[in-house]
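Let's take a walk through a protein model together. Have the sequence and the 3D view ready, and follow along as we go.

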Amino acid sequence: MTTTITAPAAVRVGTWKRLKSRRGLWFTIADFTLIIAIWHIAVVNLELVSRVFLPAPADVIVGYGELAEAGVLWNNMGHSALTWVIGYGLGFVVGVVVGLLVGSLHVAYKLGMPLLWAAWATPLVAIQPIIGVWFGFGIAPNIVLVFLSAAIPIALNTVAGVAGVNPSLMRASRVYGASRWQTYLLVRLPWTVPYIIGGVRLAVPTSLIGLLIGEMVGSPSGMGSLIVVSLARFRTNQAFAAIIFF
């Protein structure tokens, strides 16, 4: 016995599937709208916070226009983007290579993992001053901060993938006569790829945090510097506009 779906039913099913696939987008829009509404009511209607310290949503839009008109928004964003691309690219390459080496060699694993975990637990704010002393005043220390905040999580995730290969797969490769190099290429690396992707995704927010720390503490340009300068001048609407734009 077969069941046939009429044309109107098929249209309804297709429409429902499309709406279901966009459910996440609608939830995001609803969250954003709710936050803006609560923000506006608390600042404008209830006046719970002074608009000097917490601007209204409309003030932030005005601040964005002021920054764009002055030409400082895109210049600083371009500087931050260049810094992030260089630091993140270097961090990706070094993180994957170090992770593969540490995860593959027993001695390197014993020696390297404590160092990686210690580096992961170290706050970037604590090492920013010494990095500034070593690399000077400009883009170089910010690249180093982005590099460290990207390379460390990528390396840790890569180590977890290489060292955590299913032993049954390794035994199966040996049973079928694969050499050590073939086992590494055909078993270890494919098994590690999802872990590398997870590290890459994790490194995006951590590297952006490292970028902002470097620019807010010791940089003449960039989005972090723009936020600090705006707050120092009590132009909080411009600071919030820079934060949201970033």
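Leaving aside its neighbours within four places in sequence, which residues is T158 in contact with? Before we get there, a word on the ground rules. This is a predicted model, so local features need pLDDT of at least 70 and side-chain atom pairs count only at pLDDT 80 or more, while totals for chains, interfaces and linings use all residues. Residues are numbered from 1 along each chain as its sequence is written, and side-chain values use heavy atoms, with hydrogens and water left out.

Now for T158. Look for this residue in helix α7, residues 139-163; helices here are DSSP runs of H or I, at least four residues long, numbered from the N terminus. With those sequence neighbours set aside, T158 is in contact with G95, V96, G99, L100, T192 and I196, where contact means heavy atoms within 4.5 Å. T158 counts as buried because its relative accessibility is 0%. Buried means under 20% relative accessible area, exposed means over 50%, and partly exposed is in between (1.4 Å probe, protein chains only).

Next, the nonpolar cores. A nonpolar core is a set of buried Ala, Val, Leu, Ile, Met, Phe, Trp, Tyr and Cys residues joined through side-chain atoms within 4.5 Å. The largest one has 14 residues, and L67, L73, M223, L226, I227 and A242 have the most contacts inside it. Two or more residues each come from α2, α3, α4 (72-104), α10 (223-232) and α11 (236-245). Click on A242 and you'll find it touching L67, M223, L226 and I227, not counting residues up to four places away in sequence. Apart from this core lies another, of eleven residues, including V146, V162, I196 and L211.

Helix α10 is also the place of V229. V229 counts as partly exposed because its relative accessibility is 34%.

Let's finish around α2. This helix has 23 residues and reaches 31 Å from its first C-alpha to its last, close to the 33 Å expected at 1.5 Å a residue (that is, 1.5 Å times one less than its number of residues). After α2 comes E47, with a positive phi near 55°. V49 sits in the loop between α2 (23-45) and α3 (57-70), and V49 counts as partly exposed because its relative accessibility is 35%. Finally, the side chains of R51 and D59 meet in a salt bridge at 2.9 Å, N to O; the term means a side-chain nitrogen of Lys or Arg within 4 Å of a carboxyl oxygen of Asp or Glu.
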